[in-house]
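Visitor: Hi, I've got a structure to go through and I'm new to this. Can you walk me through some of the strands?

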Amino acid sequence: VQLQASGGGLVQAGGSLRLTCAGSGRTFSRYVIGWFRQVSGKEREFVARITWTDITYYRDSVRGRFTISRDNAKNTVYLQMNSLKVEDTAVYYCAASPVSATTITAYDYWGQGTEVTVSS
């Protein structure tokens, strides 16, 4: 599975962005897709994930503001980010895992990252 993340950019606090994770491969729909983020100098952290049956899970700080969804016909997963905060600023990565997990080590395939900057 190959993944490509896109959709990042600069937005003011309170604004919205939608990230897209485009995947390739016939088995894309069988993978759990997760979004992670990383601030320079800090560890990469889990943001959200969606299973092949559309079961979702979020980290506490984004729950209610971010929505993850997938379109298996298009091999695509989205992360809709609303009410963005300065602390959401990071490079966002999408990744694929054969199991439903929030740990980085469970994800075998990674996209290249897309940068999100939220200004005050």
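Visitor: Which residue in S5 is the bridge partner of Gly34?

Guide: That's Arg49. Quick note first: this is a predicted model, where local features need pLDDT of at least 70, side-chain atom pairs count only at pLDDT 80 or more, and totals for chains, interfaces and linings use all residues. Residues are numbered from 1 along each chain as its sequence is written, and side-chain values use heavy atoms, with hydrogens and water left out.

Visitor: And what counts as a strand here?

Guide: A DSSP run of E with at least two residues, numbered from the N terminus. Two strands pair if DSSP finds at least two bridges between them.

Visitor: Is S5 mostly covered or uncovered?

Guide: Mostly covered: five of its six residues are buried, meaning under 20% relative accessible area (1.4 Å probe, protein chains only).

Visitor: New topic: which residues of S1 are on its covered face?

Guide: Leu3 and Ala5, while Gln2, Gln4 and Ser6 make up the uncovered face. In a regular strand, side chains alternate between the two faces of the sheet.

Visitor: What stands opposite Ala5?

Guide: Cys21 in S3. S1 and S3 pair antiparallel over five bridges.

Key
Buried < 20%, exposed > 50% of the residue type's maximum accessible area, 1.4 Å probe, protein only. Helix = DSSP H or I, 4+ residues; strand = E, 2+ residues; numbered from the N terminus.
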